[in-house]
Amino acid sequence: MWALRGLRNGVVTTRWPSRPDEYAAATRGPAAIRAGRAGAAAAVDAAGLCPTGAISVTGQGGLRVDQGRCILCGRCVTGRPDVFAWSEGPGTAAVTRAGLIMPSEETPEALAEVMTGLRQRTRALRRSVHLRHVDAGSDGSEEWEILALLNPVYDIHRLGMFFTASPRHADILLVTGAGSRGMTGPLRTTYEAMPHPKVVMAVGTDAVSGGIVSPSYATTGGIGGTVPVDVWLPGSPPSPFAIMAGLLLALDRLASGGDHQ
Ligand code: SF4
């Protein structure tokens with residue numbers, strides 16, 4: 001029965017990123033400012049649309065969007081479609097927190113320096129990378145997407161990535177959730193138990209900035225104050241493709257289609 005179903009369905013596993021994938025390309029990311037619309041005229045009434053304060057007006061009166069605070073509620077995209085649109089594709093992660101802010105004020109030199117440091121740290125991991133996941137106050141949505149990495153469609157094992165239960169065997173720490181204060185100690189302990197070199201990825205807008213409810217009496221406003229984050233991945237939740245893209249960005253394997261350079 002299962003064999004027949006398998007033969008009928010054929011191979012369902014994506015070849016992304018070594019081959020283009022329509023579904024990956026259509027992945028919805030955080031809200032973005034349309035080209036040429038970050039000026040003062042577009043800023044009128046726009047900042048008040050956002051429930052998380054992701055949209056703000058700069059000192060010069062221009063518009064700014066912090067994608068690390070975007071929960072993809074859609075209020076700006078439906079309220080001001082002339083100014084805002086959804087970003088598309090899985091490449092939404094950044095290696096600095098400032099890299100999630102549009103328009104970007106990061107210099108190419110500063111970005112290159114961060115990437116060089118990350119590359120030097122992760123070079124030794126090659127195609128055997130072990131992931132440890134910690135839930136630091138998640139609503140559960142990111143966990144569904146992380147779990148999907150193991151299904152036949154995404155099959156993250158084909159990229160040489162494997163989940164491990166022990167931080168002692170882990171290379172990359174995936175952290176979800178708004179940073180609940182009760183998880184501050186366990187998260188720090190997990191990080192310290194990991195061997196060097198190690199990488200931390202904040203998975204989802206809650207982990208990046210705390211989302212809609214943070215900081216509060218119960219949450220720290222994201223996990224950046226507890227562990228040093230290397231990759232910031234917005235999304236509420238981010239798709240499995242976006243999580244894979246963030247992991248490959250950390251390993252500097254994104255540009256080479258998932259392989260080593
Ligand atoms: S989609 Fe919602 S949360 Fe995101 S920037 Fe727009 S209004 Fe803010």
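Two strands pair if DSSP finds at least two bridges between them. What you are looking at is a predicted model, where local features need pLDDT of at least 70 and side-chain atom pairs count only at pLDDT 80 or more, while totals for chains, interfaces and linings use all residues. Residues are numbered from 1 along each chain as its sequence is written, and side-chain values use heavy atoms, with hydrogens and water left out.

**Stop one: a hairpin**

Select residues 55–57, which are strand S2, and residues 63–66, which are strand S3. These two run antiparallel and are joined by three bridges. Look across from Val57 and you'll find Leu63 of S3 standing opposite. S2 and S3 make a hairpin with five residues between them, and Gly61 in the turn has a positive phi of about 85°.

Put together, you have an open sheet of three strands in the order S2-S3-S5. Which strands sit at the edges? They are S2 and S5, each pairing on one side only.

**Stop two: a cis bond and a loop**

Stay with Met102 and step on to Pro103: the peptide bond joining them is cis, with omega about -10°. Pro103 sits in the loop between S5 and helix H5 (108–122).

Next, click on Leu72, in the loop between S3 and helix H4 (75–79). Leu72 is not a glycine, yet its phi is positive, about 60°.

**Stop three: the ligand**

How many residues surround the ligand? There are 14, and the closest are Cys50, Cys70, Cys73, Gly74 and Cys76. (A residue counts as near a molecule if one of its heavy atoms lies within 4 Å of it.) Color the shell by type and you get eleven nonpolar residues, two polar and one charged.

**Stop four: the five-stranded sheet**

Time for another sheet. Five strands form an open sheet in the order S7-S6-S8-S9-S10, with parallel pairing. Strand S7 (161–163) and strand S10 (231–233) stand at the edges with a single partner strand each, so one side of each is left without a neighbour in the sheet. On average, neighbouring strands here are turned by 25° against each other, direction ignored. (Axes are lines fitted to C-alpha atoms, for helices over the stretch in contact, and angles run from 0 to 180 degrees between N-to-C directions.)

Zoom in on strand S9, residues 199–203: S9 and S10 pair in the parallel sense over three bridges. Val203 stands opposite Leu233 in S10. Then bring up helix H7 (residues 184–193), which packs on the sheet and touches strand S6 (129–135), strand S8 (172–176) and S9. Contact means heavy atoms within 4.5 Å. The direction of H7 makes about 165° with that of S8.

Follow the chain from H7 toward S9 and stop at Pro197, in the loop between the two. The peptide bond from His196 to Pro197 is cis, with omega near 0°.

**Last stops**

Select His133 in strand S6. Which residues does His133 contact, leaving aside its neighbours within four places in sequence? They are Glu143, Ile146, Leu174 and Thr176.

Finish at Asp252, in the segment after helix H9 (240–250). Its phi is near 55°, a positive value in a residue other than glycine.

Conventions. Helices (H or I, at least four residues) and strands (E, at least two) are DSSP runs, numbered from the N terminus. Ala, Val, Leu, Ile, Met, Phe, Trp, Tyr, Cys and Pro count as nonpolar, Asp, Glu, Lys and Arg as charged, and the others, Gly among them, as polar.
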